[in-house]
Amino acid sequence: FMRNVRRFSDKPAAIDPQSGRTWSYKELNADANRFANAMKKDGVKKNDIVFMQLYNSPQFLFGYIAPQKLGAISNPANFNLSPGETAEIMGHNKPVVYVYDADIMQTAVQALEICEHKPKLILCVNNSKKEVTLPEGHIFFDDYIKDSSYENPPVDYAPHIYDEVLRLQTSGTTGTPKGAMLEHKNVRSFCDFHIRNSDIDEHSVVSAYASYGFDACLSEMYPALIGGAELHIIEEDIRLDLVRLNRYFEDNGITHAFMTTQVARQFATEIDNHSLKYLLTGGERLVPLEPPKNFELINGYGPTECTVYITTQPVDKLYHRIPVGKALDNIKLYVTDKYGRRLP
């Protein structure tokens with residue numbers, strides 16, 4: 001990302017249609033620096049957890065970038081969790097910073113009341129511009145960073161490939177949601193494969209569609225910013241309106257997108273899109289379909305614990321049953337029985 005800040009200083013990095021604002025690579029880095037420097041001043045350091053519950057917004061980009069500048073760990077989570085679930089995550093991960101969206105203030109307040117662990121910093125993001133009264137001890141995000149330096153914070157830690165960089169909460173389908181700890185090497189290896197496999201470069205335009213806290217959000221944001229692409233934050237009210245979503249894609253030249261399995265299948269079979277090069281999907285079994293005419297549909301498989309996905313399969317023909325595909329770089333696959341014994 002920092003290499004691209006130098007190479008593509010004034011090139012658009014992120015676009016938020018809701019606010020109508022565009023961040024260049026230089027500006028996105030500067031705003032992430034403001035957040036990082038403010039946290040550094042308050043003692044946030046290597047391996048500290050920064051827990052964030054946000055709608056898709058510019059602040060979610062800062063939340064993925066700024067903690068890494070301090071060696072801290074980003075812990076994004078879905079905004080639609082209950083107070084109990086939110087409190088449970090905080091109790092397990094013990095964040096020093098909690099950033100929440102003003103629209104879920106009631107959830108945040110209730111979660112903090114029932115959780116024994118209290119974060120040192122509690123920040124509220126208000127993108128609605130509605131009048132909001134903050135509880136005692138809470139600070140508006142914009143007020144928190146407004147007097148902070150735009151300069152890159154001094155790096156006073158030695159980053160290692162085995163250091164934790166992200167903690168993502170699993171869906172909990174096999175029990176209590178747990179924090180999957182992703183290391184620098186996992187994320188970097190995934191990004192390198194994804195950029196190469198999907199031909200992402202400085203001419204690409206990528207949608208930020210997946211919900212914050214869903215591992216697919218990582219697969220949209222990091223490869224785009226590492227690859228020098230332009231990232232468009234998709235507004236909440238058009239995410240499931242496929243006609244309006246397609247209009248946005250074509251009007252803005254979106255070349256790469258991710259959608260959850262059922263939505264992606266509906267889009268690929270019902271929408272005539274002329275801007276996309278690649279549409280990625282994953283999350284559950286994909287029902288067989290004819291390959292889309294104008295773009296490549298790639299089905300990804302893998303749990304959160306393995307960093308987004310571990311195999312990919314292009315939908316290049318009508319399969320009776322779509323395979324999980326081939327392994328990503330640096331990954332080996334084994335087929336076992338229920339006792340963990342390898343099968344032929």
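In the predicted model, helix α3 meets helix α8 through Phe 60, Leu 61, Tyr 64, Ile 65 and Gln 68 on the α3 side and through Cys 217, Leu 218, Met 221, Tyr 222 and Leu 225 on the α8 side. By residue class, this contact comprises 9 nonpolar residues, 1 polar residue and no charged residue. The axes of α3 and α8, the latter spanning residues 215–227, lie 11 Å apart and form an angle of about 65°. Helix α3 is therefore roughly perpendicular to α8, and the crossing of the two helices is right-handed.

Helix α3, which covers residues 58–69, also packs against helix α2, formed by residues 25–41; the two axes approach to within 8 Å and cross at roughly 55°. The helices α2 and α3 are therefore oblique to each other. The crossing of α2 and α3 is right-handed. On the α2 side, the contact is formed by Leu 28, Asn 29, Asp 31, Ala 32, Asn 33, Phe 35, Ala 36 and Met 39. The α3 side contributes Leu 61, Phe 62, Gly 63, Ile 65, Ala 66, Pro 67 and Lys 69. Sorted by class, the residues of the contact between α2 and α3 are 10 nonpolar, 3 polar and 2 charged. Leu 61 and Ile 65 of α3 take part in the contact with α8 and are also listed in the contact with α2.

The largest nonpolar core holds 63 residues, of which Phe 35, Met 39, Phe 60, Tyr 64, Val 99 and Leu 218 touch the most other members. Of these, Phe 35 and Met 39 belong to the α2 side of the contact with α3, whereas Phe 60 and Tyr 64 in α3 and Leu 218 in α8 belong to the contact between those two helices. When neighbours within four places in sequence are set aside, Phe 60 is in contact with Leu 54, Ala 208, Tyr 212, Cys 217 and Ile 233.

Asn 37 is located in helix α2 and is buried, since its relative accessible area is 14%, below the 20% limit for burial. Beyond the residues up to four places away in sequence, Asn 37 touches Ser 148, Ser 149, Glu 151 and Pro 153. Lys 40 also lies in helix α2, but is partly exposed, with a relative accessibility of 27%. With residues up to four places away in sequence not counted, Lys 40 touches Leu 70, Pro 153, Pro 154 and Asp 156. Between Lys 40 and Ala 257, the separation is 217 residues in sequence and 34 Å in space, taken from C-alpha to C-alpha.

A further asparagine, Asn 246, is found in helix α9, which runs over residues 242–252. Asn 246 is buried, with 9% relative accessible area. Its contacts, apart from residues up to four places away in sequence, are Phe 267, Ile 271, Asp 272 and Asn 273.

Most residues other than glycine have a negative phi. Asp 199, although not a glycine, has a positive phi of about 55°. Asp 199 is situated in the loop that links α7 (184–197) to β10 (205–208) and is partly exposed, its relative accessible area being 45%. Asn 330 likewise is not a glycine and has a positive phi, of about 65°. Asn 330 occurs in the segment after β16 (326–327) and, with a relative accessibility of 73%, is exposed.

The segment after β16 also contains Val 335. This valine is exposed, at 57% relative accessibility. Not counting residues up to four places away in sequence, Val 335 touches Arg 341, Arg 342 and Leu 343. Val 335 and Arg 167 are separated by 168 residues in sequence, and their C-alpha atoms are 27 Å apart in space.

Key:
Residues numbered from 1 in each chain as written. Predicted model: local features only at pLDDT ≥ 70, side-chain atom pairs only at ≥ 80, totals over all residues. Heavy atoms only, no water. Axes fitted to C-alpha atoms, helices over the stretch in contact; angles between N-to-C directions. Helix = DSSP H or I, 4+ residues; strand = E, 2+ residues; numbered from the N terminus. Parallel < 35°, antiparallel > 145°, perpendicular 65-115°, else oblique. Left-handed = near helix turned anticlockwise from the far one by under 90°. Contact = heavy atoms within 4.5 Å. Nonpolar A, V, L, I, M, F, W, Y, C, P; charged D, E, K, R; others polar. Core = buried A, V, L, I, M, F, W, Y, C linked by side-chain atoms within 4.5 Å. Buried < 20%, exposed > 50% of the residue type's maximum accessible area, 1.4 Å probe, protein only.
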